[in-house]
Amino acid sequence: MEQKLKAILETGLAEIKLVKDKNSLLDFKIKYLGKQGELTSILRGMRDVQPQDRPKIGVLVNEVREKLEGAYLEKEKYFNDLDLQKELEKSSIDITEPSRGIERGELHPTTKMFNKLIDICVAMGFQVVEGPEIETDYYNFEGLNIPKNHPSRDMQDTFFITENILLRSQTSSVQVRAMESMKPPIKIIVPGRVYRNDSDGTHSPVFHQLEGLVIDENVSMADLKAMLTSMMGKVFGETTKIRFRPSFFPFTEPSVEVDVSCPSCKGTGCKVCKGSGYLELLGAGVVNPKVLEMSGIDSKKYRGFAFGFGVDRFAMVYYGITDLKNMFKNDARFLNQIK
Ligand code: PHE
């Protein structure tokens, strides 16, 4: 019996060295370790062994089984590794290739400019107020001293939903709403989207404004000028110069158009400012007493000033964007360039 077991172990170990593939490995398993295998038949022959010899033979059988099993497992692992290796070689996934990274969006330049202006104004004590984009004729025009058929309506032709309801053409509509609902002193800014029947290379039918309104006792044009100078300095740099030109708005008297020295050439004249050294960026003025009275504010006691920026224009100047179309294209490649 002992002899037989040793012989099995020896031929087994010799045979497994010759195993060249998984099929012959399976044959080996069946022959030596299977239910009909050599070792099982030895165990079956135990009944012919003397009872006192049985434990010794039992231990020996187990030893031989363990050794053959060990050899078998080693070979099996070798074949599995080989398969994996082949699989990796032929597959196209390169696990060492660097990842493509996560694509990040970027805020729109108009949004960034809004945030910048709002931060500056809030630091100066302004409160942020909003109003509806779909507005009545009264808040957009009449309450701002722009009666029906007034020629100044021509400059702000907009989209009418009914004869009386329209898409607001200016955030100044919120001046009227604020004066009706708040008590002076009032110090608000109004960021918002506005609409006009206007579309060419430099005008979009949808654009954005930031309105400012201050109402208090003893405020004047001088305060307006000081405030705008300080604000523009914070946006474009402390050396920025501002220039007031007389203008006309029915809701301010006097009215001014405000120019800012060109941030691109610092006032010497370049392509951005078309050689003039200045950029026209906002309208402003002292609130017309008639407008105060219409909204129920005592014009003997209170005075006010107001200003309105075109925020898209600001953003274009600030970020050096030359084509207005890009501002409305919603192209991530464009947005990602503006840092
Ligand atoms: N609402 C005016 C416009 O859109 C700008 C403005 C605002 C002028 C406030 C004076 C005061 O043209």
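Residues are numbered from 1 along each chain as its sequence is written, and side-chain values use heavy atoms, with hydrogens and water left out. Because the model is predicted, local features need pLDDT of at least 70 and side-chain atom pairs count only at pLDDT 80 or more, while totals for chains, interfaces and linings use all residues.

The protein chain contains 11 helices and 9 strands, where helices (H or I, at least four residues) and strands (E, at least two) are DSSP runs numbered from the N terminus. The radius of gyration of the chain is 43 Å, well over the 20 Å that the globule rule gives for 339 residues, so the chain is more spread out than a compact globule. This radius is taken over C-alpha atoms, and the rule is 2.2 Å times the number of residues to the power 0.38. Along its principal axes, the C-alpha trace spans about 130 × 45 × 40 Å.

What surrounds the ligand? Its shell holds 15 residues, and the closest are Gln-170, Ser-172, Arg-196, Gln-209 and Glu-211; a residue is near the ligand if one of its heavy atoms lies within 4 Å of it. By type, the shell divides into 5 nonpolar, 8 polar and 2 charged residues. In this scheme Ala, Val, Leu, Ile, Met, Phe, Trp, Tyr, Cys and Pro count as nonpolar, Asp, Glu, Lys and Arg as charged, and the others, Gly among them, as polar. Strand 5 (206-216), strand 8 (278-287) and strand 9 (303-310) each supply at least two residues of the shell, and the largest share, 3 residues, comes from strand 9.

For Gln-170, the distance to a ligand nitrogen atom is 2.7 Å. A ligand oxygen atom is 2.8 Å from such an atom of Arg-196, and a ligand oxygen atom is 2.9 Å from one of Gln-209. The protein covers 93% of the 330 Å² of accessible area that the ligand has on its own (Shrake-Rupley method, 1.4 Å probe).

Most residues other than glycine have a negative phi, and most peptide bonds are trans. The bond from Pro-184 to Pro-185 is cis, with omega near 0°, and Pro-185 is in the loop between helix 7 (173-181) and strand 4 (186-195). Another cis peptide bond joins Glu-253 and Pro-254, the latter lying in strand 7 (residues 252-261). Asn-149, although not a glycine, has a positive phi of about 70°.

Terms used. Polar contact = N/O pair within 3.5 Å; in protein donor to acceptor, adjacent residues only side chain to side chain.
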